[in-house]
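Here is a short briefing on one protein model. Look at the strands, then the helices, then the cores.

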Amino acid sequence: MHIEDGSWHTLTGEDIAQRLETSAQSGLSPGEAARRLARFGPNALQEKRVRSPWRMLLDQFTDFMIIVLIAAAIISGIVGDAGDTIAIIVIVILNAVIGFVQEYRAERAMAALKRMAEAGAHVLRAGKAETVNVSELVPGDVVLLEAGNVVPADLRIIETARLKIDESALTGESVAVEKQTRALDIAALPLGDRTCLAYKGTIVTYGRARGLVVATGMNSELGKIAALLNESGESRTPMQKRLARLGKRLAIAALAICVLVFVVGVLRGEPLLLMFMTALSLAVAAIPSALPAVVTISLALGAHKMVRQHALIRRLPAVEALGSVTFICSDKTGTLTQNKMHVTAIYADGEPSDPLQGKTKAEPWATLYRALALSNDAHLDRHNKPHGEPTEAALLHAALAAGCNKTALENEAPRLLELPFDSERKRMTTFHGMDGDIVAYTKGSPESVLPCCERVLMSDGERSIDRAALLRQAETMAAGGLRVLAIAYRHWLELPENGLAGELESGLVFLGFAGLIDPPRSEAREAVLQCKSAGITPVIITGDHPATARAIARELGVLAGGDGRVMTGVELARLDQAALEGEVGQVRVYARVDPAQKIKIVRALQDKGEVVAMTGDGVNDAPALKAADIGVAMGRGGTDVAREAAHMVLLDDNFATIVHAVRHGRRLYDNIRKFIRYGITTNSAEIWTIFLAPFLGLPIPLLPIQILWVNLVTDGLPGLALAAEPAERGIMRRPPRPLQESIFAHGMWQHMIWVGLLMAGMCLLVQAWALHSGSAHWQTMVFTVLTLSQLAHVMAIRSEKESLLSIGFFSNRAMAATIFVTFVLQMATIYVPALNPVFRTQPLSAGELALCLVFSSVVFFAVEIEKWLVRRGMLYRAPAS
């Protein structure tokens, strides 16, 4: 099952089917496909090796400061107390385990997202059409291609309907190549000239085809050059890059302070080894090296949770950008509407009629319903139920109700040739053989079909056509919210040779209009209102008639009162980019728009400073999806190309899901801000406490083991619990966050400075009091105040504005449990006798513990006062825009 010279293009389809031991009509059996999958392996390009869990765990110890700390602890144990060494190493290991668990969960979440994002391929297995994952394709499979598909493997084309493929990814040729089924004579042809082959990774831009898989995975032409195409991995988000830069600056500052702490301590006569271990422990605890990793983990786990809301994130930066979206440009059909089309009106013979009660046997209705059945890509199952694209299925259902069964009609009038629908022509045509005659049926938008018509079929025969009157009739139907399609036909003496669409779709006879209705989704109006209250402008972009689009927009609240206007594709085409930028802020509906015009809309909005989410499902939507800040593809009805270009995929094709995703994105960003606020504040408190003590004439407040313990119990678990914090009240009633806004905006950096100093002040105050009163427990009291004040801080910052009393202590059960567990662990280090020598602590009296609780609670009440001032508008007010 292998040809050494790779000359599949020189063999006929029958020869290849024979060599691959398959059937071009029915494909492989499921059992044979499974055996070949085991033999040839998955149809996937080899990626760089995924890190194993063991490697992930070992990587937790590769940080330079961690290695130095472990080495120093071992030396300390040799020359001093081995107990300290064991305790320090245990805490470092526990810290590493927490880091490993977080990273492993994030890796699993990202792997699950990649599996979900994997494209499907339409194949014939045992004579039945089904969709399988691309990785499950094997040589000998029969693959069905249509416009918008990414070719899933190297194929030998055996059947085609005007198939064109963009092979620029392989050959660099920007013009789509028209494919055919004939075997070629020359074996040593360049890839671009092998016109009967389709290659993995290339894009079907037009037509349909059937092909036999001849090579998969690394054996495909794309696989052979995979090393050149190997991607370097997921790029970091803007937030990760900013935090990485910040982390380096903070690390330098923290190291400088640690060096200063060491020097000052030695000059004061403190033991050299103790000061070295103290400075090193402080560096490990205080340097925020994990900030970018925390963001990655939060984004990955957040993206995984968004799948439950039917939003599949393909690129992590999208999660970050969701909270900044100011315009959502959405398709109408299937996204704002139910995508459950049904024909409610037929216009023929100069009068409208109900499709179920009108005439069906007389002309022009008989020919019109025959056209609806034959010029149709939907199909009937064995129960005569239509399946396929919703519009096609609705037309087929109407034809069936009128007595035109497609299966029976195709036996009498088989399809001989077709001109598939495309967004430029806005129509499709099929040619059928009928009693020695050739009949072509055309359907599409009234504006595209009527100019091709020269006559109209009436009950008494053909008459001259009044296009203006028919366009007015189409406008009337569209104003009632109907999607209107025009149907026409033409007789040919013989099947025309391949010619231009304009020639083959001329001289038509108009038959009538079909009016379809697609009811709005029940949740769409509420989602539109949520958008508006969140400062997001919803915009409808549709290929439908302006009157239809206007009616739906008014029903959904997109057009409310005098808010916004409707612009057609023709009007849009007349405007240059500068003129469009002057109009784009007021337009709420774009009708009869080509997918190619979407990118013009995106750029105009972006030039005005807007952050744009754009939906799309077709091949031509891909450039606009890439250009948008958030490209949103349809998971059910979208093409492979659109999904590949998008940042996010709607698994339910629902507009409300975009709004849910925006809400989740805002919540996730808020929680990352809370984690950073908490982490940097508490780290700075540890630094200030140890740094300022010598200058105030106080001894070193904390031992290395105590510093590492505080870092373990207060950095790890509470920080993780913040990720589970519910959304802030009114999260969808505040304006979008500017894309370039600093993550430290709205008083966050001021908060980190003053709260860090306040925590340190409370620790040093209790140390001074204890020393002054002659208490031998002063170090245990500082240790306790620092730990508990950090717990008080994390409780207070659960909301940026709301009081803890109003949101409720148990509204985040994970946080409540974490605070309880951390408090119990801290008390254990004080009151469990076996732990006293490990942590160098002594049991506190009731009065001393009460004093520690009072001093640490000062932080909580101070932050609550800060939030009260923010709510009153007296603090951190944003500058007027």
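I438 stands opposite W492 in strand β19. The model is predicted: local features need pLDDT of at least 70, side-chain atom pairs count only at pLDDT 80 or more, and totals for chains, interfaces and linings use all residues. Residues are numbered from 1 along each chain as its sequence is written, and side-chain values use heavy atoms, leaving out hydrogens and water.

**Strands**
- Strands (E, at least two residues) and helices (H or I, at least four) are DSSP runs, numbered from the N terminus.
- β16 (residues 437-444) runs antiparallel to β19, joined by 7 bridges; two strands pair if DSSP finds at least two bridges between them.
- β20 (residues 508-517) is also antiparallel to β19, with 7 bridges.
- V484 has G515 in β20 as its bridge partner.

**Helix pair**
- The axes (lines fitted to C-alpha atoms over the stretch in contact) of α29 (residues 778-796) and α31 (residues 813-831) come within 11 Å and cross at roughly 180 degrees.
- That makes the two helices, α29 and α31, roughly antiparallel (over 145 degrees).
- Contact means heavy atoms within 4.5 Å; F783 and L791 are among the α29 residues that meet α31.

**Cores**
- A nonpolar core is a set of buried Ala, Val, Leu, Ile, Met, Phe, Trp, Tyr and Cys residues joined through side-chain atoms within 4.5 Å.
- The largest has 61 residues; W709 is one of those touching the most other members.
- α29 gives the most to this core, with 10 residues.

Technical notes. Axes fitted to C-alpha atoms, helices over the stretch in contact; angles between N-to-C directions. Parallel < 35°, antiparallel > 145°, perpendicular 65-115°, else oblique. Buried < 20%, exposed > 50% of the residue type's maximum accessible area, 1.4 Å probe, protein only.
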